[in-house]
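Have the structure open as you read.

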Amino acid sequence: VSSALGIAKSSIYVMKLNLNYTPDYSSVAVLTTAESTLAEGKVNEAPWMLYNEQSGMYYLLYSANRYYQAYYCIRVAVSDSPVGPFTKLRQNEGGYLLYADDVAWASGTGHCSVVRRDGQDYIVYHAHLDRVNGNSKRGIAMDELNWIENQDGLLVPVANGPSAALMP
């Protein structure tokens with residue numbers, strides 16, 4: 001199917017479903033592609049979409065870079081429609097949700113989902129067990145997910161993490 005539609009690897013797409021939940025291939029649209037200017041390597045994958053009622057915006061959480069790299073991470077793009085177009089937020093805009101840097105004790109944070117319990121959102125994701133070297137087995141981590149305004153007044157998700165301890 002992907003080759004017939006001209007779909008490139010490592011991009012994130014969306015399509016509408018018909019009433020009987022069969023795909024409407026005529027509606028395929030690109031949500032993201034890997035961007036070298038954002039240091040994403042050649043990979044955009046593992047999408048999870050959130051809608052924030054307060055901002056009226058859709059937030060696409062996605063993973064960038066390769067899973068075995070320390071800099072595999074969860075990033076954020078926003079749109080006023082679930083079918084886009086989405087704008088990737090830069091780091092200073094709140095676009096890097098969970099990632100490795102010189103301060104955070106994290107490696108390979110990616111493939112997330114978001115769950116809510118008692119009114120609190122939590123982000124569940126994987127991270128490398130070897131947080132120094134990466135390229136290792138992965139475990140599950142979970143942190144609170146909250147919302148703050150960035151410098152442009154846009155609500156953006158922030159994770160209370162990365163977790164210092166992995167879940168069993």
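The report below goes from the overall layout to the sheet, the cores, the ring contacts and the cysteines.

## Ground rules and layout

This is a predicted model, in which local features need pLDDT of at least 70 and side-chain atom pairs count only at pLDDT 80 or more, while totals for chains, interfaces and linings use all residues. Residues are numbered from 1 along each chain as its sequence is written, and side-chain values use heavy atoms, with hydrogens and water left out.

The protein has one helix and 11 strands; here helices (H or I, at least four residues) and strands (E, at least two) are DSSP runs, numbered from the N terminus. Read from the N terminus, the order is α-β-β-β-β-β-β-β-β-β-β-β. Of the 168 residues in the protein, 39% are buried, where buried means under 20% relative accessible area, exposed means over 50%, and partly exposed is in between (1.4 Å probe, protein chains only).

## The four-stranded sheet

Four strands form an open sheet in the order β8-β9-β10-β11, with antiparallel pairing. Two strands pair if DSSP finds at least two bridges between them. The edges are β8 (110–117) and β11 (155–159), each pairing on one side only. From one strand to the next, the twist averages 35°; axes are lines fitted to C-alpha atoms, for helices over the stretch in contact, and angles run from 0 to 180 degrees between N-to-C directions.

Inside the sheet, β8 and β9 are joined antiparallel by six bridges, and S113 has V124 in β9 as its bridge partner. Their hairpin has two residues between the strands, and D118 there takes a positive phi near 50°. Strand β9 (residues 120–128) then pairs with β10 in the antiparallel sense over eight bridges, with H128 facing its bridge partner R138 in β10.

## Two nonpolar cores

A nonpolar core is a set of buried Ala, Val, Leu, Ile, Met, Phe, Trp, Tyr and Cys residues joined through side-chain atoms within 4.5 Å. The largest one has 21 residues, and those with the most contacts inside it are Y59, L61, I74, L97, I123 and Y125. The elements giving two or more residues to this core are β4, β5 (73–79), β7 (96–98), β8, β9, β10 and β11. A second, separate core has nine residues, including I12, L60, Y62 and C73.

## Rings and a charge

Which rings pair up? Four aromatic pairs turn up in a search of the whole structure. Rings of Phe, Tyr and Trp (its six-membered ring) pair if their centres lie within 6.5 Å; planes under 30 degrees apart count as stacked, over 60 as edge-to-face and the rest as tilted. Y59 and W147 are edge-to-face because their ring centres are 4.7 Å apart and their planes at 65°. Y59 lies in strand β4 (residues 57–64) and W147 in strand β10 (residues 138–149), so this pair ties together parts that are 88 residues apart in sequence. Y59 is buried at 0% relative accessibility, whereas W147 is partly exposed at 23%.

Y67 and Y68 make another edge-to-face pair, with 5.4 Å centre to centre and 85° between the planes. Y67 is partly exposed at 43%, and Y68 is partly exposed at 36%. Elsewhere, R75 lies over the face of Y96, 3.9 Å from the ring centre; a charge sits over a ring if NZ of Lys or CZ of Arg is within 6 Å of the ring centre and within 35 degrees of the ring normal.

## Cysteines

How many disulfides are there? The count is zero, with a disulfide taken as a pair of cysteine sulfur atoms within 2.5 Å. C73 is buried at 2% relative accessibility, and C112 is buried at 8%.
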